[in-house]
Amino acid sequence: MELKQSIFVYTEVEEGTLTKLSVELLGKARELAQSCSKAVVALVIGEHVREAAGQAIGYGADAAVVAEGPQFAVFDSILYARAVQQVIAAYTPSVFLLGATKDSRDIGGRVSAALQLGLVADVTGAEMKDGDDTVTWIRPAYTGKVFAAIRTKTRPQLATVGEGIFLHNASDPSRKGEIITAPLSLDGVTGKRRRTGFTAVAPEKMALSLENAEIIVGAGKGVGDKAGMEQVQAFAERIGAGFGVTKPLVDDGWISHDSQIGITGKKVAPKIYIALGISGALQHKLGIKDAKIIVAVNKDPDAPIFKFAHFGIVGDLFEAMPALEKRIKALQA
Ligand SMILES: Cc1cc2nc3c(=O)[nH]c(=O)nc-3n(C[C@H](O)[C@H](O)[C@H](O)COP(=O)(O)OP(=O)(O)OC[C@H]3O[C@@H](n4cnc5c(N)ncnc54)[C@H](O)[C@@H]3O)c2cc1C
């Protein structure tokens, strides 16, 4: 199969396994490949990644290009980006997808600048029409008030995609594909990082995980400060609910990204989602769209969340919490 001008996916590997996002990207690449009859190629870089390359084929790649070795043991954006550039030079892909993760964004930015390529960040949709390999990327703009359709003139067409945008990609272990060693010459390119030790940090312990809680309390910027957020977290624990937050609380360093709900966080599907001090931006809304019932408390009657919440309370969240707690506990009794 011709691998030039194909659809490349830069995959990430954790503990020898492709990440969930990489699997999702391969699924989308497969779908695009069907509309333009191109091959899907996974690019896998790391110290020991042959097994992950095999997984990529099961998830839809026709081939995997592998850059493997001790020099890739620790992610170094200069070294990795240079390897990606050389692979792009060798295969001249039509499309090059990356995850919207910290490391892949870093690579995407460097490659875009070095090769003067357009890059569309955080896309939520992508389509090709009539056998043409030009991708129309869709991404939210103006904090989600509009969706922009974007085409880039340069090749490869670079884009980053967050987790949970393109779902449902099942592995087919019977798929066959070639695993090829990347044609690299990285002599003289030295990474700036050295691993001197490694300690795995366990995720923050939560009473209930966002994945399986029947009730989730979401805290937004309306909590005011970290102490306000902790009051909401304690409320969630008292009513036996999971606890999640909007992105600004993570950006402020009040809580880890594990707790973020939204397109660049977790997608949740509880029976009841209680949104406290959350405006209802599209990026958050997309993370809670599968909640059966959304209850919103916001002191602004015009807050966008009231347009899609099933029940709304216009008022101060700190005043509403005791009343909500009393009511929920009465129902639970
Ligand atoms: C590429 C990209 C990805 C993003 N991904 C995500 C994501 O995954 N998840 C996410 O959440 N966001 C995400 N965002 C950010 C998103 O656009 C919004 O900025 C964010 O969701 C807003 O968070 P918020 O509602 O907490 O804050 P705000 O928009 O500031 O809203 C705070 C709300 O609290 C209300 N309020 C204030 N005080 C009180 C009070 N005492 N009682 C009751 N109400 C009160 C206010 O009226 C206001 O409506 C992303 C943005 C971009 C550009």
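This is a predicted model: local features need pLDDT of at least 70, side-chain atom pairs count only at pLDDT 80 or more; totals for chains, interfaces and linings use all residues.
The ligand is surrounded by 25 residues, of which Lys221, Thr246, Thr264, Ser279 and Asn298 are the closest. Two helices, α6 (247–251) and α7 (282–288), each contribute at least two residues to this shell. A polar side-chain atom of His284 is placed 3.0 Å from a ligand oxygen atom. An N or O atom in the side chain of Asp316 lies 3.2 Å from a nitrogen atom of the ligand, and a polar backbone atom of Gly222 is found 3.4 Å from a ligand nitrogen atom. Taken on its own, the ligand has 990 Å² of accessible area, and the protein covers 78% of it. The space that the ligand takes is the second largest pocket of the model.

Thr264, one of the closest residues to the ligand, is also in contact with Asp122. Asp122 belongs to strand β7, which spans residues 119–123. With a relative accessible area of 19%, Asp122 counts as buried, because the limit for that class is under 20%. The side chain of Asp122 forms a polar contact of 3.0 Å with the side chain of Arg105. Arg105 is also listed among the contacts of Asp122 beyond four places in sequence, together with Ala100, Arg139, Pro140, Thr160 and Thr264.

The loop between β10 (146–150) and β11 (157–161) contains Thr152. Thr152 is buried, at 11% relative accessibility. When residues up to four places away in sequence are set aside, Thr152 touches Gly118, Leu119, Val120, Trp137 and Gln157. Pro156 is found in the loop between β10 and β11 as well. The peptide bond that leads from Arg155 to Pro156 is cis, with an omega near -5°. Most peptide bonds are trans, and most residues other than glycine have a negative phi.

Gln5, which is not a glycine, has a positive phi of about 55°. Gln5 is placed in the segment before β1 (7–11) and is partly exposed, with a relative accessibility of 40%. Thr92, likewise not a glycine, takes a positive phi of about 35°. The position of Thr92 is in the loop that runs between α3 (77–91) and β6 (95–99). At 33% relative accessibility, Thr92 is also classed as partly exposed.

Helix α2 comprises residues 50–58, and its buried residues are Ala52, Ala53, Ala56, Ile57 and Gly58. In an α-helix, residues three or four places apart point the same way, because there are 3.6 residues in each turn. The buried residues of α2 are covered by elements that include the helix α1 (20–36) and the strands β2 (13–14), β3 (17–18), β4 (40–46), β5 (63–68) and β12 (178–181). Just after α2, Gly60 adopts a positive phi of about 125°.

Notes: Residues are numbered from 1 along each chain as its sequence is written. Side-chain values use heavy atoms; hydrogens and water are left out. Buried means under 20% relative accessible area, exposed over 50%, partly exposed in between (1.4 Å probe, protein chains only). Helices (H or I, at least four residues) and strands (E, at least two) are DSSP runs, numbered from the N terminus. Contact means heavy atoms within 4.5 Å. A residue is near a molecule or strand if one of its heavy atoms lies within 4 Å of it. A polar contact is a pair of N or O atoms within 3.5 Å; within protein, one must be able to donate a hydrogen and the other to accept it, and residues adjacent in sequence count only if both atoms are side-chain atoms. Accessible areas come from the Shrake-Rupley method with a 1.4 Å probe; for residues, only the protein chains shown count as cover. On a 1 Å grid over the protein atoms alone, a cavity is a set of points where a 1.4 Å probe fits but cannot get out, and a pocket is an open set with protein on both sides within 12 Å along at least five of seven lines; lining residues have an atom within 4 Å of a point. A molecule sits in a cavity or pocket if more than half of its atoms lie within 2 Å of its grid points.
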